[in-house]
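Subject: Structure handover

Hello,

Here is the structure to be passed on to you. My notes on it follow below.

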Amino acid sequence: MAKSYKELLHDITTFIFDVDGVLTDGRLLISESGELLRTMNAKDGYAMKTALQNGYHICIITGGTNEGVKGRLEGLGITDVFLNASDKMIQINDYVKKHQLKAENIVYMGDDMPDVPAVQFAGLGCCPQDAIPEIKAVSQYISHKKGGDACVRDIIEQVMKAQGKWKVIDGSSVQSS
């Protein structure tokens, strides 16, 4: 019998995220100069930074090419940010080999067709609430949050709570039920 997604949370050491549609709502604002602008949720940033501080690996793989996005993520302490990825499994396979990871230790969150192989590969494949039907069909967890609306925080917080690593201000840990 397959494990429930809640049981899989205990084995996670690594988070891999797409950008557009996951860390952003997928919409692009185009400036007069042609620059593509996106918005990210500060709650996702806090959760990613907290996960890094607690020893989790975080990797970002996107088909996008925006250096501003890379700068924002590196500013949070994420050192593995891969832009212009047409086949995300190439970066995932390299990342897994470099860090000696197992699929069952990985959360992958994506929202669109290029993410299907990565969602299927990960020990816990997941997606935002507004992902396309093909992604939802292969995800073990569908967040109640939309892309850009703290869906990344949702899965990070669940993993850290399941492992007793999510701390409240007084330093006590919060366990999930």
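Asn-41 caps the N-terminal end of helix H2, with a side-chain oxygen placed 2.8 Å from the backbone nitrogen of Lys-43. Helices here are DSSP runs of H or I with at least four residues, strands are runs of E with at least two, and both are numbered from the N terminus.

Before the rest, two notes on the source. The model is predicted, so local features are given only at pLDDT of at least 70 and side-chain atom pairs only at pLDDT 80 or more, while totals for chains, interfaces and linings use all residues. Residues are numbered from 1 along each chain as its sequence is written, and side-chain values use heavy atoms, with hydrogens and water left out.

Helix H2

H2 covers residues 42-53, which is twelve residues, and its first and last C-alpha atoms are 16 Å apart, close to the expected 16 Å at 1.5 Å a residue; the expected span is 1.5 Å times one less than the number of residues. Its buried residues (under 20% relative accessible area; exposed is over 50%, partly exposed in between, with a 1.4 Å probe and protein chains only) are Asp-44, Gly-45, Ala-47, Met-48, Thr-50 and Ala-51. These buried residues pack against E1, E4, helix H3 (67-75) and H7, where contact means heavy atoms within 4.5 Å. After H2 comes Gly-55, with a positive phi near 90 degrees.

The sheet

The open sheet has six strands in the order E5-E4-E1-E6-E7-E8, with parallel pairing; two strands count as paired if DSSP finds at least two bridges between them. At the edges are E5 (80-82) and E8 (141-142), each pairing on one side only. E4 (residues 57-61) is joined to E5 by three bridges in the parallel sense, and Cys-59 stands opposite Asp-80 in E5.

Helix H4 (residues 88-99) packs on this sheet and touches E1 (14-17), E4, E5 and E6 (106-109); its direction makes about 160 degrees with that of E4. Helix H7 (residues 151-162) also packs on the sheet, touching E1, E6, E7 (124-127) and E8, and its direction makes about 170 degrees with that of E1. For these angles, axes are lines fitted to C-alpha atoms, for helices over the stretch in contact, and values run from 0 to 180 degrees between N-to-C directions.

Asp-20

The unreviewed UniProt entry annotates Asp-20 as "binding site"; such annotations may be inferred rather than shown by experiment. Asp-20 lies in the loop between E1 and strand E2 (29-30). Is Asp-20 buried, partly exposed or exposed? It counts as partly exposed because its relative accessibility is 23%. Its side chain makes a polar contact of 3.5 Å with the side chain of Thr-24 (N or O atoms within 3.5 Å, one able to donate a hydrogen and the other to accept it; residues adjacent in sequence count only if both atoms are side-chain atoms). Neighbours within four places in sequence aside, Asp-20 contacts Gly-26, Arg-38 and Asp-111.

Most residues other than glycine have a negative phi. Asn-84, in the loop between E5 and H4, has a positive phi of about 60 degrees and is exposed at 55% relative accessible area. Gln-100, in the loop between H4 and E6, has a phi near 50 degrees and is exposed at 73% relative accessibility.

Regards
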